[in-house]
Amino acid sequence: MLQVGPLLPSLERNLREHYDAVLLDDRPDGFLDRHGAEFEAVVTTARVGVDRALMDRLPRLRVIVNFGVGYDTTDVVAAAERGIAVSNTPDVLTDCVADTAVGGLIDVMRRFSAADRFVRRGDWTRGQFPLAAKVSGKRIGILGLGRIGRAIAHRVAGFDTEIAYHSRRPVEGVSYVYAESAEKLAAWSDALIVATAGGAGTRGLVSAAVLEALGPDGYLVNVARGSVVDEPALVAALTGGRLAGAALDVFADEPNVPSALLDLDSVLLLPHIASATRETREAMGELAFRNLRRFLEEGRLVTPVPAP
């Protein structure tokens with residue numbers, strides 16, 4: 001059992017107690033050259049993943065267990081070529097990520113974090129805080145209407161909003177308006193919430209053209225992956241006044257955040273914490289461990305990643 005990257009402490013304890021897991025970070029250079037063929041399973045996080053080069057050094061690898069719903073850091077094409085099973089931890093983090101998206105939407109439109117800084121700086125003694133934007137009744141576009149996207153839609157509906165979405169194809173059984181492209185969705189929206197999967201298929205989906213369509217009165221919320229947004233175009237739109245604001249939990253080169261955003265009161269910056277509650281992380285750890293145990297005992301996964 002090989003652990004790649006840091007994991008939740010309770011999950012690490014389970015791996016060591018039940019499977020004598022080896023943490024790759026603790027091993028010297030050349031360790032896998034001597035011992036790579038000994039490992040049949042890898043447990044990693046969505047932030048670290050397993051690339052093709054690492055798979056090449058683990059010739060007997062049978063399963064990759066991801067702690068996290070995203071798996072864009074793992075080369076699922078290479079895994080499929082080698083017959084390696086891959087799992088993730090969906091569903092258990094849906095509520096917290098959706099909560100974060102709505103919290104970010106409210107914060108950036110009402111400018112709560114900016115107002116907090118205004119008070120702490122002592123600026124209230126010198127004048128009133130500028131007016132913000134109303135959330136209720138707005139047009140909310142959701143990019144990606146999967147589990148998390150639907151949970152977001154359910155929440156923002158409580159604010160008497162109009163809701164539209166764009167996914168690769170229309171979703172059956174929903175009443176929300178379907179937009180044929182991300183650009184058309186942005187043009188319709190007062191705020192665009194990004195909840196789509198990461199990976200090569202969605203890289204740069206929120207392009208300069210999409211941001212232009214969202215416009216100077218529009219807001220962007222991203223709780224998906226930094227790669228989904230053209231980050232230089234986003235920075236240019238925000239610093240140039242061509243976008244009203246953004247709430248960002250993810251970035252293209254984490255933990256590095258574009259320096260131009262650090263002093264903007266129109267931007268909420270979060271350190272990739274959408275699922276970061278004790279309850280959700282423990283549930284993710286339990287599901288990751290169940291995936292590992294079931295595969296090693298029965299040869300199948302609880303929550304397998306779809307074949308590419």
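**Reading the fold and the setting of His272**

Biologist: What share of the contacts with a separation of 6 or more comes from residues 24 or more positions apart?

Modeller: A contact means heavy atoms within 4.5 Å. In this chain, residues 24 or more positions apart account for 57% of the contacts with a separation of 6 or more. The model is predicted: local features need pLDDT of at least 70, side-chain atom pairs count only at pLDDT 80 or more, and totals for chains, interfaces and linings use all residues. Residues are numbered from 1 along each chain as its sequence is written, and side-chain values use heavy atoms, with hydrogens and water left out.

Biologist: How many helices and strands does the chain have?

Modeller: Helices (H or I, at least four residues) and strands (E, at least two) are DSSP runs, numbered from the N terminus. The chain has 11 helices and 12 strands.

Biologist: Where is His272 found, and is His272 buried or exposed?

Modeller: Buried means under 20% relative accessible area, exposed over 50%, and partly exposed in between (1.4 Å probe, protein chains only). His272 lies in the loop between strand E12 (267–269) and helix H11 (278–298); with a relative accessible area of 15%, His272 is buried. Of the 308 residues of the chain, 48% count as buried.

Biologist: Which residues does His272 touch, not counting residues up to four places away in sequence?

Modeller: With that exclusion, His272 touches Arg47, Arg225, Asp249, Val250, Glu254 and Arg281.

Biologist: With which side chain does the side chain of His272 make a polar contact?

Modeller: A polar contact is a pair of N or O atoms within 3.5 Å; within protein, one must be able to donate a hydrogen and the other to accept it, and residues adjacent in sequence count only if both atoms are side-chain atoms. The partner is the side chain of Glu254, at 2.7 Å.
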